[in-house]
Protein chains: 2
Amino acid sequence: MLSEFDLISRYFTRPSHNLGSAVALGIGDDCALITPSPGMQLAISSDMLVEGRHFFAGADAGRLGHKCLAVNLSDLAAMGARPLAFTLALSLPSADPAWLAPFSSGLLALADQHHCALIGGDTTKGPLNICITVFGEALPGLTLRRDAALPGDDIWISGTLGDARLALAGYRNEIVLDDATLDKAGERMHRPTPRVELGTALSGIAHAAIDISDGLAGDLGHILSRSGTGASLMVDALPAGPMLSLQPDALRRRFTLSGGDDYELCFTAPADHRDAVLTAAQRANVPVTRVGSIDADAGLRLLDANGAPLALQPASFDHFATP
Amino acid sequence: MLSEFDLISRYFTRPSHNLGSAVALGIGDDCALITPSPGMQLAISSDMLVEGRHFFAGADAGRLGHKCLAVNLSDLAAMGARPLAFTLALSLPSADPAWLAPFSSGLLALADQHHCALIGGDTTKGPLNICITVFGEALPGLTLRRDAALPGDDIWISGTLGDARLALAGYRNEIVLDDATLDKAGERMHRPTPRVELGTALSGIAHAAIDISDGLAGDLGHILSRSGTGASLMVDALPAGPMLSLQPDALRRRFTLSGGDDYELCFTAPADHRDAVLTAAQRANVPVTRVGSIDADAGLRLLDANGAPLALQPASFDHFATP
């Protein structure tokens, strides 16, 4: 049986020269030490993933390692912050190398890709639970806050929506999908791509942003309520994932609007920044789609391709609702 | 049933003027934003507490709220860092107001005492698990690192040791304690006092520090291995808690040396800083006791009151050992 210290040293400790210049002290002391760049703000986000709630029991450990950091990096992206470092707190039923090795590989591969150093955390025995807290830096005044949308702003979506929700529907047998479709859609659910480069590229160009984790309608709703605005959304303009776009219209509308686990960015930007938005998206190598506009009137108006109102009831995910 | 958003707003959101000047943005966005003071380093620590492992099932929620923040503040103290803010990730079987109200009261009372703002986190449904990540600031070069002990340093202990372990022995029926003793010792286990003021007061005076969570022998061992030194410890000089000091010598030695959950500081300081250490302790209103010295020779030597070697086998807590 691995001890706690063996476990940390074998699976989670990297050479200190890999930590990046902002990290003054990594794993192994009472605290990690970070030296933020002068004049920068520190952006902080924390996500907890629980077995049976956020992922199936027995889920592939490598994918899980990727995903639990991805959802945190996605929060930095939605703030326009550049990743610096993260802590990992892990509750495990047992210190099993067959789980730990792929988990740490999946986790650290994504961390390396974003130069985001693992600087500390905690390990304990208990029901499987993964809690990551991520740190990034951003220029004060240029962060993409939820309360910054203004009437007249365009609403944009990065990438595509709904394939992760389609996969969940397949796994749950809500609908029948062929294996190839389920595999491709499942990849979006298991290995989301945090839009980190897009987030930083939009800093100073976009007004408000949020990452779409609980479904677009609900997540956009947070921007609207905090900004004191409403919005009109062209539902048929929403970019459906490649697998979802092959499904019937009703399902496509429902899952683009209310599917969770997309980890795309929904952001608002003034209409005269359209070119700048497209340039930023090109620089970040992510497609973006204009899907509506922010209005002064409260409420979310769902419109079809002809601008006529649609009677849809989008549901958002509530972690304490009965599953 | 409370929704996730109701729960956060009802129990965990404070007026923004309470957040302190370092917090630029608190709960409610994709990230919180902190503006560290110019020239300061950020100290970061994360602890995860699991029901049945770190606390008994059905543990008093108010005490638990206190303790889960206290153990994190204790890590800041051991680094000599001043608390700024923390995030809370919470997995709960249900959103039960009868648990949430006392939990948040206990948590936020200690947070207020240390001007440490709750700036974000996560809530989800699942087995009870509390993960706090805490942020503090410290002057670069003046932090109390585990690798900074030098041969000739005195070893000091704040407060007293072993009463928390005595309470655990009582709860587990390892020994029989009368109710009054168990209550008093239990208070140390349930409501540890993080030595935050002492930690910051020792900054620039002490060399190395660690907080005693898994037992003095094991925790001091981390200082020794990272500093490349050994130590001699006068076991009978170790300050036993008021309840433990009434117990037989063998138990007193065992629990001061290897009891966990004390959350006192063990620190080293040059012999010519003795007066400065005592002044710092007086300023922080915490007694400190000199209990040994750092040696160039590796290993931990346990000595009795006459300086003769003691044959004791101190055990340290390993979270993956069989309980």
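Predicted model: local features only at pLDDT ≥ 70, side-chain atom pairs only at ≥ 80, totals over all residues.

Q: OK, domains first. How is chain A divided?
A: The assignment gives domain 1 (4-138) and domain 2 (146-303).

Q: How far apart are the C-alpha centres of those two domains?
A: They lie 26 Å apart. The contact takes 16 residues from domain 1 of chain A and 20 residues from domain 2 of chain A.

Q: Now the annotations. Where does UniProt put the "binding site" feature that includes Asp30(A)?
A: The unreviewed UniProt entry has it at Asp30(A), Ser45(A) and Asp75(A). They span 46 residues of sequence, and they are spread in space too, with up to 26.3 Å between C-alpha atoms.

Q: Start with Asp30(A). Where is it in chain A?
A: In the loop between strand E1 (23-25) and strand E2 (32-34) of chain A.

Q: Is Asp30(A) buried or exposed?
A: Buried, since its relative accessible area is 4% and the cut-off for buried is under 20%.

Q: What does Asp30(A) touch, leaving out residues up to four places away in sequence?
A: Ser45(B), Asp75(B), Ala78(B), Met79(B), Arg146(B), Ala209(B), Ile210(B) and Asp211(B).

Q: And Asp75(A), which element holds it?
A: Helix H2 of chain A. Asp75(A) counts as buried as well, at 9% relative accessibility.

Q: What does the record say about Asp214(A)?
A: The unreviewed UniProt entry has a "binding site" annotation covering Asp214(A). That residue sits in the loop between strand E8 (209-211) and helix H7 (216-227) of chain A. Asp214(A) is buried, because its relative accessible area is 13%, below the 20% cut-off.

Q: Back to H2(A). How does it cross H5(A)?
A: The axes of H2 (residues 61-79) and H5 (residues 179-190) of chain A come within 9 Å and cross at roughly 50°. So H2(A) is oblique to H5(A).

Q: Which residues meet there?
A: From H2(A), Arg63(A), His66(A) and Lys67(A); from H5(A), Glu187(A), Met189(A) and His190(A). By type, the contact has 1 nonpolar, 2 polar and 3 charged residues.

Q: Switching to chain B. What is the phi of Tyr263(B)?
A: Near 55°, which is positive in a residue other than glycine. Most residues other than glycine have a negative phi. Tyr263(B) lies in the loop between helix H8 (249-258) and strand E10 (264-269) of chain B. Tyr263(B) is buried, with a relative accessible area of 9%.

Q: What about Asn285(B), what's its phi?
A: About 60°, positive although Asn285(B) is not a glycine. Asn285(B) is in the loop between helix H9 (274-284) and strand E11 (288-295) of chain B.

Q: Buried or exposed, for Asn285(B)?
A: Exposed, because its relative accessibility is 67% and exposed means over 50%.

Q: Last one. Where is Gly307(B)?
A: In the segment after strand E12 (299-303) of chain B. Gly307(B) is partly exposed, at 43% relative accessible area. Gly307(B) and Leu233(B) are 74 residues apart in sequence, and their C-alpha atoms are 9.2 Å apart in space.

Notes. Residues numbered from 1 in each chain as written. Chains lettered and ligands numbered in written order. Heavy atoms only, no water. Axes fitted to C-alpha atoms, helices over the stretch in contact; angles between N-to-C directions. Helix = DSSP H or I, 4+ residues; strand = E, 2+ residues; numbered from the N terminus. Parallel < 35°, antiparallel > 145°, perpendicular 65-115°, else oblique. Contact = heavy atoms within 4.5 Å. Nonpolar A, V, L, I, M, F, W, Y, C, P; charged D, E, K, R; others polar. Buried < 20%, exposed > 50% of the residue type's maximum accessible area, 1.4 Å probe, protein only. UniProt positions renumbered as here; feature names shortened; annotations may be inferred. Domains from an automatic or database assignment.
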